[in-house]
Amino acid sequence: MNDYKNEINLLNLKSKPIFDIEDHLKYIKDWREQYIGDAIAILRPHNKYEVSKILKFANDNEISIVPQGGNTSLCGGATPLKNSYSLIISTEKMNKIISIDKESLTITSEPGAILSIIHKEVEKKGLFFPLTLGAKGSCTIGGNLSTNAGGINVLKYGNARDLCLGLEIVLPNGDIMDLLKILKKDNTGYDLKNIFIGAEGTLGIITAATMKLFPKPKLSVTCFVEARTIKNAIMLLNIFQDELKSELEAFELMPDVFWEVAANNSDNLSLPFNKIPQMGVLLELASTSTNDSVLNNEGTTFLNEKLEHILSKALDKKLIDNAIICKNELERNKLWEIRENAAENEKKELSKSNAKKCLKHDISLPISNIEQFHKEAQKMISNKIKNTRTIFFGHLGDGNLHYNIFGNGKGDDGFENQSKIITENLYQIIEKLNGSFSAEHGIGQLKRNNLKHFKDPVAYDMMKNLKNMIDPKNTMNPGKILI
Ligand SMILES: Cc1cc2nc3c(=O)[nH]c(=O)nc-3n(C[C@H](O)[C@H](O)[C@H](O)COP(=O)(O)OP(=O)(O)OC[C@H]3O[C@@H](n4cnc5c(N)ncnc54)[C@H](O)[C@@H]3O)c2cc1C
């Protein structure tokens, strides 16, 4: 089989192609180490013209392209298929912030810009970019847009799609499409950029993006509370939504099972209370108003007062048993670190346990149906097999739970060979309760069959037709999203 080494070298790219298989490992394996694929080479273009040259070459020769940003996908989206004839296009050399416009409140950057670097650069200008998630130190804005990432601030600011104003995309045939506007209003026909957001690299490569920025909050107040049930936590959420205009930024569910995993896998974890919290919620209020942040005579702020007022109401209604308000940045960072280490800690827990496998589910439901979902799901799982453990946590304010089931280690799959049916049944419960089996991580390789099964068939066909029209040779990230 032609390895195309000469032809690739003739592309004359600024960074040398990586042909040596030993140097491929970091690119061909996914973050969870569930998938490992093969690539002819790893290419690291420096600009859109190099991307265009590579895509045209791949299209002419029918070679698969796998775009890759930080490689933090949790569903094998950025991993090539096994025995595939692929080129991985890493955006690691396209990591520049092109401009920050303080008046228009926008940032334009290359796709490989790391999310936490964007946060820092924007903050230096007194501004705020709200998209944030546990993988912020490695994931890239191109990957965030391609997965329509969510994270902890969706409640107030929306997901990556809601934050995006413009894109530049290189299409599978090498054409460069310029949709890089910083406009809030632009009704010029179909909104093409939205087709590429959440497309997981199956339609083209994002080579630049313009995103919305916000004034940096003058004050943030972080609080951890203990509710007894999911229902109580939701009633607390409703009080916040009732009493506040827009100050609630995050509302994260961290129940006892979450804390047990955190405690097992962190050095010197300090619990917010003197025991594992039952149905913990980490929440944050933020305000850009000077009134909210000025200290009053009692040495507290108006924003703190608003929070304390809501908490005392919740205590009176017996919705919560305990609450602490962080006194400083250190306390706040400690709590957020515990929340953001969830995926990492779970990975460690699995490697220590005899569970063999963990079934990961990234689901969303109407908030009013979450409690019922949890009850039905637990009943279904215990009817199938005994001695499993469900680690659940997530963005309760968005109705998004990570619902991960550790098996009992029996059978080939660690689930007495019932793992497939458990996930299927779980997704059926979600479908019945008007939820989605894929909330924020994407479809990748992991959920292709589920997408075909659960998506409306007319919509699924339209997705296939669209893919066929934009990428008739199916060179862009084949084997992802669609079957
Ligand atoms: C610890 C941890 C915590 C996480 N928490 C969250 C969370 O809270 N919320 C959330 O939504 N996700 C979360 N994720 C999942 C993941 O981080 C996000 O999906 C992230 O947006 C992926 O960015 P990336 O740069 O790593 O993309 P990659 O993993 O490299 O790629 C993801 C997908 O996008 C495609 N792609 C990448 N760059 C481009 C480009 N320039 N053009 C076209 N296609 C491209 C790839 O082909 C692939 O299909 C988490 C992951 C980890 C490891």
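**Group meeting: the ligand shell and the sheets around it**

Let's start at the ligand. Four elements each supply at least two residues of the shell around it: β2 (64-68), α5 (141-146), β9 (205-212) and α14 (342-352). Keep in mind that this is a predicted model.

Which element gives the most to that shell? α5 does, with 4 residues. In total there are 37 residues around the ligand. The ones that come nearest are Gly 69, Gly 77, Gly 142, Gly 143 and Gly 201. By class, the shell has 20 polar, 13 nonpolar and 4 charged residues.

Now, where does the ligand shell lie in terms of domains? Domain 1 (5-93) gives residues to the shell, and domain 2 (97-215) does too, so the shell lies between them.

Let me step back to the whole chain. The protein has 18 helices and 18 strands. Its radius of gyration is 23 Å, and the globule rule gives 23 Å for 483 residues, so the protein is as compact as a globular protein of that length. Along the principal axes, the C-alpha atoms fill a box of roughly 70 × 60 × 45 Å.

Take domain 2 and domain 3. At the contact, 6 residues of domain 2 meet 10 residues of domain 3. On the domain 2 side, those residues divide into 3 nonpolar, 2 polar and 1 charged.

Strand β3 (residues 86-90) pairs with β1 over 3 bridges, in the parallel sense. Ala 41 stands opposite Leu 87 in β3. Remember β2 from the opening: it supplies at least two residues of the ligand shell.

The other sheet has 5 strands. It is open, ordered β4-β5-β9-β7-β8, and the pairing is antiparallel. What is left without a neighbour here? β4 (97-101) and β8 (176-179) stand at the edges, each with a single partner strand, so one side of each is left without a neighbour in the sheet. The twist averages 10° from one strand to the next.

Two pairings in this sheet are worth a look. In one, strand β7 (residues 164-170) runs antiparallel to β9, and 6 bridges join them. Glu 168 has Ala 208 in β9 as its bridge partner. In the other, β4 and β5 pair in the antiparallel sense over 4 bridges. There, Ile 100 has Ile 107 in β5 as its bridge partner. The hairpin of β4 and β5 has 4 residues between the strands, and Leu 105 takes a positive phi near 55°.

Last, the helices on these sheets.

To close, back to the ligand. β9 is one of the elements that supply at least two shell residues, and β9 sits between β5 and β7 in the sheet order.

Key. Residues numbered from 1 in each chain as written. Predicted model: local features only at pLDDT ≥ 70, side-chain atom pairs only at ≥ 80, totals over all residues. Near = placed C-beta within 6 Å. Nonpolar A, V, L, I, M, F, W, Y, C, P; charged D, E, K, R; others polar. Domains from an automatic or database assignment. Pairing = 2+ DSSP bridges. Axes fitted to C-alpha atoms, helices over the stretch in contact; angles between N-to-C directions. Rg over C-alpha atoms; globule rule 2.2 N^0.38 Å. Contact = placed C-beta atoms within 7 Å.
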